[in-house]
Amino acid sequence: MAESTIDQHPLTGWDKPDLDLSEADWRSGSRGLGDVQIAFVEGFIAMRNGGSPQSPSLIFTPAEWGAFVLGAREGEFDLT
């Protein structure tokens with residue numbers, strides 16, 4: 001199998017800070033039934049895989065979080 005290298009570059013328009021999530025109060029996003037965890041940090045919402053907490057977290061602004069939740073409620077996302 002050939003090895004490949006992917007260069008990571010900052011996203012254009014990325015206006016979110018590099019949040020320190022080490023002291024975040026993570027809570028189950030599915031009432032304890034799934035692996036999604038969320039935390040509220042410095043006015044942002046962070047979401048991670050609770051089964052793999054060392055993996056990168058997704059960071060949402062309040063408006064982005066609202067759109068995500070609305071889409072999930074309408075069946076646009078499978079959160080299981």
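Colleague: Okay. So is Asp15 buried or exposed?

Modeller: Asp15 is exposed, because its relative accessible area is 62%. Asp15 sits in the segment before β1. Keep in mind that this is a predicted model, where local features need pLDDT of at least 70, side-chain atom pairs count only at pLDDT 80 or more, and totals for chains, interfaces and linings use all residues. Residues are numbered from 1 along each chain as its sequence is written, and side-chain values use heavy atoms, without hydrogens and water.

Colleague: How far apart in space are Asp15 and Thr61?

Modeller: 9.7 Å, C-alpha to C-alpha, and 46 residues apart in sequence.

Colleague: New topic. In what order do the strands of the sheet run?

Modeller: β1-β2-β3-β4, four strands in an open sheet with antiparallel pairing. Strands (E, at least two residues) and helices (H or I, at least four) are DSSP runs, numbered from the N terminus. Two strands pair if DSSP finds at least two bridges between them.

Colleague: Which are the edge strands?

Modeller: β1 (27–28) and β4 (58–60), and each pairs on one side only.

Colleague: And how many bridges join β2 and β3?

Modeller: Six, antiparallel. β1 and β2 have two bridges, and β3 and β4 have three. Ala46 in β3 stands opposite Ala39, and its bridge partner in β4 is Ile59. β2 and β3 also form a hairpin, with two residues between them. Glu42 in that turn has a positive phi of about 50°.

Colleague: What packs on the sheet?

Modeller: Helix α1 (residues 62–73), touching β2, β3 and β4. Its direction makes about 105° with that of β4. Those axes are lines fitted to C-alpha atoms, for helices over the stretch in contact, and angles run from 0 to 180 degrees between N-to-C directions.

Colleague: Which residues make up the largest nonpolar core?

Modeller: There are nine, including Leu21, Trp26, Ala39, Ala46 and Ile59. Such a core is a set of buried Ala, Val, Leu, Ile, Met, Phe, Trp, Tyr and Cys residues joined through side-chain atoms within 4.5 Å. β2 and β3 each supply at least two residues of this core.

Colleague: What is Leu21 in contact with?

Modeller: Leaving aside neighbours within four places in sequence, Leu21 is in contact (heavy atoms within 4.5 Å) with Trp26, Val41, Ala46, Ser57 and Ile59.

Terms used: Buried < 20%, exposed > 50% of the residue type's maximum accessible area, 1.4 Å probe, protein only.
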